[in-house]
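Biologist: Before we go through this model, please tell me how to read strand pairing and ring contacts.

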Amino acid sequence: CWPIFFRLEFVCFLGRGSFGSVTLIRDSKHRLHAEKSSPIAYMESLKKEHRIMLRFRNHPRIVQTTNPNLHIGINLDHCYMYMEFASKGTLHNFISSFSGQPMPEDMIRRAALMILQGLEALHSHGYVHCDLKPANVLLFPSKIVGEPWDLKLADFGLSKEPSCTNLRSSLSGGTKEYMPPESLGPNRVKMIGPAVDMWALGCVVLQMYGGRPVKMGECCYKWRLPRLVSPLANDFLRRCMALQPSRRATAADLLKHPFVCTKPKSYDSFSTVLLLS
C-alpha cells in the first residue's frame, strides 16, 4: 500500500535539472522521499514521468513513485511528485569518484546488467527512455550481501510511450554526448526506437571504463577509450554501438551476452577501443 505522509519536513536540496529540482523530504513517520518539482509549464513532462513509474510499479530496475498522485502547488505555479530516495546517489557521481580511472570490470559488468534489465522492461512494453546517461541512473543500497549498490533507471520526462503517434524529428531534448549518430545532424532520422537507448548504454559503459566524449563538428560526439578492455567488453560495446540502428543488439539479446551473464575470467589478450562512432 502507499505510505501516508501527513506532515512533510524539508531536509536538504538534492539537485537541479533542465526541467526542475529535487529535494529530500521526511514524512511524519520519518521516511525519506525525493520530491521532484517542475514549473507548471512542464507539467505534461512530469505527468508522463509519473505515469511511467506507475506503469512499472514494483519493478526492481525502475525508480518508484511513493505516492499515486501528481500534486499542484498552492500558487498554481509548479507541480511535483514523490519518489523513493536514492541514498547512494547517481551513477554519474560514482563514476566521477574514480577521477577518470576505470571502475573495476566486475562492477561495470554488474551495472551494465542492471541497466539492461531496466531497458528490457521498458522496450518490451513499447517504451524508449531517450535520455539514458549516468546522471539518470540512481544508486540504492544493495539487497545482495557484499554488493555496493543496486541500480534503477530514472528521469522519464523525455521518454517515448507506446501510445505516442507524434514522432519527434530528433532527440533534441536529450544529451548529445549520448545520442546516436542518426539522431543528430541535418540527415537525422524521424523514427525513435529502442536502438537509441542501446547506443546510449554503450556510451555509459565506455564512461565506466574511463572513456570520454570527443566533439566532432557542431553536434556530433565520438567516444575515445585509450585503455585496454577485455574481448568480451569490446564485443559488447560494438554490439551496442553499431552505426546502423538495425544492426544494434536489443536489450533482450545483450542480457544473454557473456559479458554480463558469466563470471569474470582471466584473459591472455586484450582489445583497445580507440574510437567508437
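Modeller: Two strands count as paired if DSSP finds at least two bridges between them; strands (E, at least two residues) and helices (H or I, at least four) are DSSP runs numbered from the N terminus. Here β4 (residues 71–72) pairs with β5 in the antiparallel sense over two bridges. His-71 stands opposite Tyr-80 in β5. The model is predicted: local features need pLDDT of at least 70, side-chain atom pairs count only at pLDDT 80 or more, and totals for chains, interfaces and linings use all residues. Residues are numbered from 1 along each chain as its sequence is written, and side-chain values use heavy atoms, leaving out hydrogens and water.

Biologist: Over how many bridges do β3 and β5 pair?

Modeller: Seven, in the antiparallel sense, with β3 spanning residues 32–39. Within this pairing, Glu-35 has Tyr-82 as its bridge partner in β5.

Biologist: How is a pair of aromatic rings described?

Modeller: By the distance of the centres and the angle of the planes. Rings of Phe, Tyr and Trp (its six-membered ring) pair with centres within 6.5 Å; planes under 30 degrees apart are stacked, over 60 edge-to-face, the rest tilted. A search of the whole structure finds six such pairs. Tyr-80 and Tyr-82 have ring centres 5.8 Å apart and planes at 80°, so this pair is edge-to-face.

Biologist: Are Tyr-80 and Tyr-82 buried or exposed?

Modeller: Both are buried, where buried means under 20% relative accessible area, exposed over 50% and partly exposed in between (1.4 Å probe, protein chains only). In β5 (residues 78–84), six of the seven residues are buried.
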